[in-house]
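Subject: Structure handover

Hello,

Here is the structure I promised to pass on. Please open it first, then read the notes below.

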Amino acid sequence: MTHLLRRWLIAGMLIWLPLGATLLVIRFVVGLLDTSLLLIPAAYRPDIPGIGVLLSIVLVLGTGAVAANYLGSRLVVWTEALLSRIPLVRTVYG
């Protein structure tokens, strides 16, 4: 009987400990990302838990879009201009 109880206890711990740790990590990350709401003036700041996660995702995606399109294309143009100035590389790259 004790062997069965010990087996059930270990099985239950193997289920609940990772689940609890996962929930704590998610709660911490959502709380951390909710601090991005401090960028919004207090009068316009929504009081909805988790909306900071959405704002953080939008900020990261927006920054990535700008970098990939405008800054990324400028970097490619700059790199090609730099490579065209190097004599040996110019013939291979061109």
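**Where H1 meets H2**

Val30, Leu33 and Asp34 of H1 are in contact with Ile51, Gly52, Val53 and Ser56 of H2. Contact means heavy atoms within 4.5 Å. By class, this contact has four nonpolar, two polar and one charged residues. Here Ala, Val, Leu, Ile, Met, Phe, Trp, Tyr, Cys and Pro count as nonpolar, Asp, Glu, Lys and Arg as charged, and the others, Gly among them, as polar.

Before going on, a note on the source. This is a predicted model, in which local features need pLDDT of at least 70 and side-chain atom pairs count only at pLDDT 80 or more, while totals for chains, interfaces and linings use all residues. Residues are numbered from 1 along each chain as its sequence is written, and side-chain values use heavy atoms, with hydrogens and water left out.

**How the two helices pack**

Two packed helices are described by the angle between their axes and the distance between the axes. For H1 and H2 the angle is about 70°, and the axes are 7 Å apart. Axes are lines fitted to C-alpha atoms, for helices over the stretch in contact, and angles run from 0 to 180 degrees between N-to-C directions. H1 and H2 are therefore roughly perpendicular (65 to 115 degrees).

**Two residues to look at**

Ser56 sits in helix H2, residues 51–84. Is Ser56 buried or exposed? Ser56 is buried, with a relative accessible area of 12%. Buried means under 20% relative accessible area, exposed over 50%, and partly exposed in between, with a 1.4 Å probe and protein chains only. Leaving aside residues up to four places away in sequence, Ser56 touches Leu33 and Ser36.

Val29 belongs to helix H1, residues 2–34. Val29 is partly exposed, at 37% relative accessible area. Val29 and Gly50 are 21 residues apart along the chain, and their C-alpha atoms are separated by 9.8 Å.

**The chain as a whole**

The protein chain has three helices and zero strands. Helices (H or I, at least four residues) and strands (E, at least two) are DSSP runs, numbered from the N terminus. The pattern along the sequence is α-α-α. The radius of gyration is 26 Å, well over the 12 Å that the globule rule gives for 94 residues, so the chain is more spread out than a compact globule. That radius is taken over C-alpha atoms, and the rule is 2.2 Å times the number of residues to the power 0.38. The C-alpha trace spans about 85 × 50 × 10 Å along its principal axes. Of the 94 residues, 4% count as buried.

Best wishes

Terms used: Parallel < 35°, antiparallel > 145°, perpendicular 65-115°, else oblique.
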